[in-house]
Amino acid sequence: MVEVRRWLAEHHGELVRDTVAMLRIASLQDDPAPGAPFGPNVRAALDLALELSGQRGLRTKDLDGYAGYAEAGEGEPLVLSLGHLDVVPPGNGWTFDPFGAEVRDGWIYARGATDDKGPTMASLYALSALAETCGPLPARVRVVFGCNEESGMQCVKHYVRTEEAPTHGISPDAGWPLAHAEKGIANFVVSFNAPRKGFDLLDIEGGDRPNMVIDRCEAKVRVDRSVRAEVDGNLAKAWDRNVEWEWDGDLLSVVARGKAAHAAHPFAGDSAAVRLFRFLAEVAPESAREEYSKALQTGHLSGVGLGIHGSDEPSGDLTCNLGIVSCDGARVSLWFNVRYPVTWNGEQVRERVLRRIERYGSDWSLDRFDDSPPLYFPLDHPMVAALREVVREELGIEDPPIVMGGGTYARVVPNTVSVGASLPGDGAAHESDERIHTDHLLKLAEVYAHMLLRLATLAGSGA
């Protein structure tokens, strides 16, 4: 590790340069194209990663545009680091250009700085350092570049179908010292008839992805003359200063603003959709209030409005995020992202949702349900123990492994756990002004190099 640290220090400037170049690619998922199943911008990010890897003398492979990897070392055992190059939409509230990768006082500001381009580039340089300084490695070491982590993980599902399983693996996309368990993730859509009764919801739109807290939501409601006076009276008492409204004849337009956050911890954000449904329920005439109140209840962070609230001893409370709201004029669709306890299963969640929406009315339906089961490694697992030791040595962190609400590649790729992706002061994932410090990139590369070397040694010994 002495030689690894020296090499990384000598190449720190190049690590920063290449990370900035990667962050300037707006790698948002788009319509597929030949060789680019997730769109041309994500393809461009993958091309850059493979090009940089080749320049470092690493073996590379393009997996049909779904993912790619860089590899060093020989032998049968295989150790992986899995990162992703796709990002969530920027959202609102940025001080900096989200794809400008501006460096200010040592901080690089950009979408993807910590989730997950910064850690992925640090992993690439970690592998380069090992290849340059360690001689023959006790196992093959591979850095995988995923392209669809934020929108379904089809990239690593393709990887698992076409490549061998690792002996051990890390996914730098979580917290320290590592996540030995990940909650189950259920994504589902509930819909209902657009409310009428003189306070007719014509349109409502908010959110970009189910795994983000909605930071802006807007609606249009046609108000019947017979209830206009009642609605005007309710509007006069409206209290939420984060909600604005205006009349255009009998059309009431409403805009609510909140704060974006990752759906794994929705309590860190402020849902504009919840604000909007609460506002509509408060200003609606008595005859129409119940339907808006039902929609409001579904947005509770505990999932109580969907009948799925609960917890377990290993992982704590279920969390529920209303991530997308839309309306086609006749039906309102609510897209939820739920992180459920590790001792539960997706079918339990689905059955509870069905029982609750039956109570809301016959027009309510569950239109789609996708489940990613929980992940769990015991604390005495050799891989967990080895990684904890590295984190103690590198960062002085004595904390026990965590259970996380976020979903990483570790739940898809066998024999893999997720590890930290940032250091104190770096910006939170999925929030505005996401950032990473240039010195932190170097330290992350050192930590990942140490982890990969330790796991390669473990794998080479047959453990």
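Trainee: Hi! What should I know about the model before we start?
Mentor: It is a predicted model, where local features need pLDDT of at least 70, side-chain atom pairs count only at pLDDT 80 or more, and totals for chains, interfaces and linings use all residues. Residues are numbered from 1 along each chain as its sequence is written, and side-chain values use heavy atoms, with hydrogens and water left out.

Trainee: Okay, His84 then. Is His84 buried or exposed?
Mentor: His84 is buried, at a relative accessible area of 0%. Buried means under 20% relative accessible area, exposed over 50%, and partly exposed in between (1.4 Å probe, protein chains only).

Trainee: And where is the place of His84?
Mentor: His84 sits in strand S3, residues 78-84. Strands (E, at least two residues) and helices (H or I, at least four) are DSSP runs, numbered from the N terminus.

Trainee: Which side chain makes a polar contact with the side chain of His84?
Mentor: That of Asp115, at 3.1 Å. A polar contact is a pair of N or O atoms within 3.5 Å; within protein, one must be able to donate a hydrogen and the other to accept it, and residues adjacent in sequence count only if both atoms are side-chain atoms.

Trainee: New topic: how many salt bridges are there in the whole structure?
Mentor: A search finds 35 salt bridges. Each is a side-chain nitrogen of Lys or Arg within 4 Å of a carboxyl oxygen of Asp or Glu.

Trainee: Last one: where is Ala410?
Mentor: Ala410 is in the loop between strand S20 (402-404) and strand S21 (416-420), and Ala410 is buried, at 3%. The C-alpha atoms of Ala410 and Gly169 are separated by 8.0 Å, though the two residues are 241 residues apart along the chain.
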